[in-house]
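Subject: Structure for you to look at

Hello,

Here is the structure to be handed over, with notes on what was found in it below.

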Amino acid sequence: MIEDVLAARDEALIAIAAASQLELLGALDAHYLGKKGVFTTYKASLGALTTVDEKRAAGQALNDAGQAVSSALALRRAVIASAERVLRLGAERIDLTEAMARPARGHAHLVTQAWERLEDVFIGLGFQIAEGPEVETDFHNFEALNMPPSHPARSGFDTMFTDYAPDGTVLLRTHTSPVQIRVMQTIAPPIYMVMPGRVFRRDTPDATHMPVFHQIEGLVVDRNITMAHLAGTIDAFTRAFFGGDFTSRLRPNYFPFTEPSAEFDIQRPDGTWIELGGCGMVHPNVLRAVGLDPEEWSGFAFGFGIDRMARERHGIDDIRDMYSNDIRFIEQF
Ligand code: PHE
């Protein structure tokens with residue numbers, strides 16, 4: 001019987017090694033180890049053997065053979081399963097060549113970068129952001145800012161008017177200051193806000209001018225606000241935006257909507273000065289135009305060009321280069 005068992009084992013091992021499908025292994029499993037399998041049948045006939053020693057030796061051989069076959073089955077199953085997995089993965093593979101070949105990702109324009117960085121710095125100083133329309137009324141752009149119809153300062157703004165409304169009443173905003181008016185009309189003080197946006201002037205493009213450019217306006221309205229708060233804010237902003245080795249100064253100037261008014265400059269580490277924008281204490285007439293009592297409320301405002309900041313930061317000679325959208329130029333920033 002032992003020879004028969006060993007012969008059956010060898011036959012089984014050969015068949016298992018040659019099997020290349022899981023179903024076939026299942027059939028071999030049943031054929032040798034199943035309820036009516038070859039080894040089970042041998043086991044049932046052990047009782048027919050005469051001596052105890054014979055029974056023990058045959059039983060041992062039968063156990064060993066059964067184990068050899070079942071571990072060969074397990075090993076072969078694992079090999080076939082992993083081969084099938086490799087095949088399936090190969091079949092499910094997606095061709096991503098086209099996706100990989102997409103053009104390189106771009107990035108925000110350098111004016112947008114400066115705009116976003118300015119917002120970050122002012123948010124860090126405790127300001128909120130507001131925006132307003134680019135097409136404005138004469139009231140918001142001029143009149144409420146203490147420039148009545150015949151005011152000479154109006155002519156300094158090179159205004160572009162639309163023809164949607166009676167002459168001279170609707171225009172492309174010439175600065176972001178009208179957003180101050182809209183903010184004060186909608187929100188009660190205290191107000192701590194900055195207002196970035198696109199502005200328009202009838203200018204011929206040259207190295208330092210564009211008819212469309214960007215400003216950011218700052219407005220604070222609260223009780224007991226003084227020029228010292230203005231100077232301190234400008235200085236804190238200068239250091240936060242340009243770095244701790246920059247300083248700022250105010251120089252007397254005139255704007256109809258602020259009194260007193262100043263121009264503000266920043267000083268580079270090498271000692272040279274750059275003019276950045278205008279500022280001042282909100283004119284009492286401006287507070288009155290939006291229904292605020294100048295005896296109770298006071299405030300300061302400032303405004304400066306975002307394009308100029310970007311130009312300054314990157315040392316760009318000609319502002320027009322920023323808008324020609326030549327990829328070789330703009331991808332540098
Ligand atoms: N609006 C002014 C300009 O465009 C700048 C400014 C803003 C000045 C706020 C004073 C206060 O020139």
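**Helix packing**

Helix H2 (residues 22–33) and helix H4 (residues 52–92) have axes that come within 10 Å and cross at roughly 170 degrees. Axes here are lines fitted to C-alpha atoms, for helices over the stretch in contact, and angles run from 0 to 180 degrees between N-to-C directions. H2 is therefore roughly antiparallel to H4, a term used for angles over 145 degrees. Helices (H or I, at least four residues) and strands (E, at least two) are DSSP runs, numbered from the N terminus.

On the H2 side, the contact (heavy atoms within 4.5 Å) involves Leu22, Leu25, Gly26, Leu28, Asp29, Tyr32 and Leu33. They meet Gly66, Val69, Ser70, Leu73, Arg76, Arg77, Ile80 and Glu84 in H4. By class, the residues of this contact are 8 nonpolar, 3 polar and 4 charged. Ala, Val, Leu, Ile, Met, Phe, Trp, Tyr, Cys and Pro count as nonpolar, Asp, Glu, Lys and Arg as charged, and the others, Gly among them, as polar.

**About the model**

This is a predicted model, in which local features need pLDDT of at least 70 and side-chain atom pairs count only at pLDDT 80 or more, while totals for chains, interfaces and linings use all residues. Residues are numbered from 1 along each chain as its sequence is written, and side-chain values use heavy atoms, with hydrogens and water left out.

**Domains**

The domain assignment, which is automatic or from a database, gives domain 1 (2–92) and domain 2 (110–330). Their centres, taken over C-alpha atoms, are 88 Å apart.

**Pockets**

A pocket is an open set of points on a 1 Å grid over the protein atoms alone, where a 1.4 Å probe fits, with protein on both sides within 12 Å along at least five of seven lines; lining residues have an atom within 4 Å of a point. The largest pocket has a lining of 36 residues, and Arg201, Phe213, Gln215, Gly277 and Arg308 lie nearest its centre. That lining has 14 nonpolar, 14 polar and 8 charged residues.

The second largest pocket is lined by residues including Ala104, His107, Leu110, Ile327 and Glu331. Its lining has 5 nonpolar, 3 polar and 2 charged residues.

**Backbone**

A cis peptide bond, with omega about 5 degrees, joins Pro189 and Pro190. Pro190 is in the loop between H8 and strand E5 (191–200). Another cis bond runs from Glu259 to Pro260, with omega near -5 degrees, and Pro260 belongs to strand E8.

Regards

Technical notes: Parallel < 35°, antiparallel > 145°, perpendicular 65-115°, else oblique.
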